[in-house]
Amino acid sequence: MKTQRQWVLIQIFQVLCGITQRTIRSRPVMDLLSGTYIFAVLLACVVFHSGAQEKNYTIREEMPENVLIGDLLKDLNLSLVPNKSLTSAMQFKLVYKTGDVPLIRIEEDTGEIFTTGARIDREKLCVGIPTDEQCFYEVEVAILPDEIFRLVKIRFLIEDINDNAPLFPTTVINISIPENSAINSKYTLPAAIDPDVGINGVQNYELIKGQNIFGLDVIETPEGEKMPQLIVQKELDREEKDTYVMKVKVEDGGFPQRSSTAILQVSVTDTNDNHPVFKETEIEVSIPENAPVGTSVTQLHATDADIGENARIHFSFSNLVSNIAKRLFHLNTTTGLITIKEPLDREETPNHKLLVLASDGGLVPARAMVLVNVTDVNDNVPSIDIRYIVNTINDTVVLSENVPLNTKIALITVTDKDADHNGRVTCFTDHEIPFRLRPVFSNQFLLETAAYLDYESTKEYAIKLLAADAGKPPLNQSAMLFIKVKDENDNAPVFTQSLVTVSIPENNSPGIQLTKVSATDADTGPNAEINFLLGPDAPPEFSLDRRTGMLTVVKKLDREKEEKYFFTVLAKDNGVPPLTSNVTVFVSVIDQNDNTPTFTHNEYNFYVPENLPKHGTVGLITVTDPDYGENSAVTLSILDENDGFTIDSQTGVIRPNISFDREKQESYTFYVKAEDGGRVSRSSSAKVTINVVDVNDNKPVFIVPPSNYSYELVLPSTDPGTVVFQVIAVDNDTGMNAEVRYSIVGENTRDLFEINETTGNIIMKEKCDVTDLGLHRVLVKANDLGQPDSLFSVVTVNLFVNESVTNATLINELLHKSTEAPVTPNTEIADASSPTIDYVKILVAVVAGTITVVVVIFITAVVRCRQAPHLKAAQKNKQNSEWATPNPENRQMIMMKKKKKKKKHPPKNLLLNFVTIEETKADDVDNDGNSITLELPIDLEEQTMGKYNWVTTPTTFKPDSPDLARHYKSASPQPAFQIQPETPLNSKHHIIQELPLDNTFVACDSISKCSSSSSDPYSVSDSGYPMTTFEAPVSVHARPTDSRTSPIEICSEI
């Protein structure tokens, strides 16, 4: 609508302008009045058609190219006139002088204004403009076509940036200073010039290398210019040094900060060396404050050793003398006489310091301090200052009639400006009243009640306070204090009940009314009107009607969050001040079954050893229900009728009905359901995973060689270090229980071979000679790394050292006969085609056999003699095995000790020992038959005791893992139970290896985030060393046995 009105006005102006132009052409001769009229109309038309406007923008100097400044189309609210066609599209033309480089450009189609590549330098554009004025850059823009022509003047306010460094007028500044310049004398230096303005201009000066002789001060002129001044900090002596060279640095306050320096050269000039000297430099005089004007205060005397003009002394007050002192005292500049110029007042200024300067025209005048003490006269009356402690109404104190005694009303302060006894003041009241003045400080008194007030007898008091000083004659002053007594409310409301008790079921609907409280007040009128309020301890779940006292529940209650509410209800009357009383309200919330049993974890993971007996404890499931009573009584059960496990419906203890064998099944998974005892019961379930932890119950089994009767040909030319054979043994356990290590424990009498403990490679140790030809037996032991007991097997490796196998039948007979013949270091097998070599071999074998028997007998005797002391030492390093296991029958923890067989230990320097391989019993489930007893040379005891620490060590858990064993003891109602003696120890080795840090009974939300959350009663135990039987067929000489003997078994104890 506004646009249409503008268009109509444009049309009217265009018609008028057209008529005027035609009139001028038709009537060239016009009178003065008509000409003036037409000129005014033409001027209006020109202005209208020109459409002149102004627009202001603000830009920073040094802006980069193509930065958007503004949009004329939007900023001027330009729009096309409705229903009006243009001869051409709207254009914006920048109008500027030919040859000028514009600082901005305008998009002709859109009217957007951008910066150009020309530098916008405020200091160049506004040369000569005062720093406190703004800098503008102006351009004109024409808006085309002619139908909408407008000429817009655009003014750009150029904002300054810190693009110029302050500079001194010259790089070297020379200044002359007299040698007698006083310390702190100041000399003005040329100021630096910074084309920037404001904070970007000069802000600070700094003197560099002033040598502690000169300093620098900066003053600001009324015009705002900062001027540097050189300060003399030490006495100068031209004869000692006449020139000083320093640097002056000037900084602006822009960011980044800019600075420059100039060299300052100071020349010291010679001057008059003698200064005036006061006869007395400090003078103290006293004068009464009522001394008349013109009274002499003191006469100053000063001398100067110089003569002529240099000895003429001029006295003056220093600039440090206060204006008050200059107003009160007069100093004769020629004689030095000080007189009183205006009346003195000690109460205004008790003393004056007059610093007098005596100058002979030099720069350093002499100084004398005159201290004038103004003595007191009693010319001031006391003053009474009343400061009310209680509130007043129109300067009147209003006291309740029941105020207690000694009620403080006001602090009365009496003062006198005079000094000493003239200023000592006493204060008192004029007659007997129930109030008194009690001194508290010097010249200060407390006005307080001295008796009980009674409104009925006296309604108001007018107290006259008198104050008098001790001067001669004394001066006094009085003041009035008004007190009104007010009648008071004396009775508080009383509740009809001492305790309000109410109950409500939870999950109620908001707005239910609980009860109504009531109270009475013995007063009348407004003092008896009672309002009921909730106390500050009231929870937001309740509201109370102020008038009726109706208590309402405004929120739904939740017993699990709050079971009981205790809060206070107040009864308040309308007295002034109001009196209140209170009563306690007790609200009990009745439980509803509105919560589902909650497991502590969504998923439980337990880790048990595979030798856990049936009905042992696997773990504990914990369930919570925040409800109360039967609603929180939770029953646990296993879903899907899982017969492998049972769970105590009350305690949550999980027990197995099966025996675990990790090699058969590694884990078990089932779901546990928790159901509460509400009328409408609620239930939830959780997943349980039981992971079986490996126990070292499988000994290594040799695969290569397949039996004790196989053999391997070894050429005599084999070089030392060559692998001649590889033994391979496997273990069905996992982890460290399946790691196998190999060692040579017997035979190998010539020490020709050694074995790699990891790979099982048998390596030629030395070069063979002719005496080494024949059959060599090497007794190889394979033991695993299980903890705490390592299991092992032994096999005989037969190595035939010869160029070839010419008589295989003879070798096989020798292998089978070796079980009937005594064990010898080696068996020579001669080639049928070489009888001489056979004879030599037989002879060597006989000699070697004889030596071996003698050595064996000697070693046996030595071992028998040295067994006793080593047996005692070994027993000290071993401990009895202790088990701490739960017992469901007697609810006690019983420590069960297992006795170990005593072993005889050889001395450490012996390389061989005899291990007795005893015959096993027929009822051993791990053996197929009876084993024979052999005596094999082996240093097994030394290897075993050296490799393992046989001291009982508890399992290590994570430091932050909770201990469920402690939880069972303190929180679980499940009784402890004991592993019964009938537990078959020979079917599973009841030795629990030390589990990894995360292994114990573990309950967690997911398997991937499993962390230790309980402690297995089997995890921390003292393990004994049960008998472990190892089987391996060997080809050795056997002692006589019965006919039941089956494949030879070598048995040993760890």
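**From the fold to its salt bridges**

Guide: In the protein chain, 69% of the contacts between residues at least 6 apart in sequence join residues at least 24 apart. Please bear in mind that this is a predicted model.

Visitor: How many helices and strands does the protein chain have?

Guide: The protein chain contains 10 helices and 62 strands. Of its 1054 residues, 43% count as buried. The accessible surface of the chain comes to about 57100 Å², and carbon and sulfur atoms account for 53% of that area.

Visitor: What is the general idea behind a salt bridge, and how many are counted here?

Guide: Side chains of opposite charge can pair when their charged atoms come close. With a limit of 4 Å between the side-chain nitrogen and the carboxyl oxygen, the count comes to 27 salt bridges. One of them joins the side chains of Lys-93 and Glu-108, at 3.5 Å from N to O. This pair links distant parts of the chain, 15 residues apart: Lys-93 is in strand S3 (residues 91-95), and Glu-108 is in the loop between strand S4 (104-106) and strand S5 (112-115).

Visitor: Which strands hold Glu-138 and Arg-155?

Guide: The side chains of Glu-138 and Arg-155 meet in a salt bridge of 3.1 Å, N to O. Glu-138 belongs to strand S6 (residues 136-144) and Arg-155 to strand S7 (residues 150-159), 17 residues apart. Glu-138 is partly exposed at 40% relative accessibility, and Arg-155 is also partly exposed, at 24%.

Visitor: Is Asp-772 buried or exposed?

Guide: Asp-772 has a relative accessible area of 6% and is therefore buried, the cut-off being under 20%. The side chain of Asp-772 meets that of Arg-750 in a salt bridge of 3.6 Å, N to O. Arg-750, at 26%, is partly exposed.

Visitor: Which residues are linked in a network of salt bridges?

Guide: Such a network links Lys-408, Arg-436, Arg-438 and Glu-448.

Conventions:
Residues are numbered from 1 along each chain as its sequence is written. This is a predicted model: local features need pLDDT of at least 70, side-chain atom pairs count only at pLDDT 80 or more; totals for chains, interfaces and linings use all residues. Side-chain values use heavy atoms; hydrogens and water are left out. Helices (H or I, at least four residues) and strands (E, at least two) are DSSP runs, numbered from the N terminus. Buried means under 20% relative accessible area, exposed over 50%, partly exposed in between (1.4 Å probe, protein chains only). Contact means heavy atoms within 4.5 Å. Accessible areas come from the Shrake-Rupley method with a 1.4 Å probe; for residues, only the protein chains shown count as cover.
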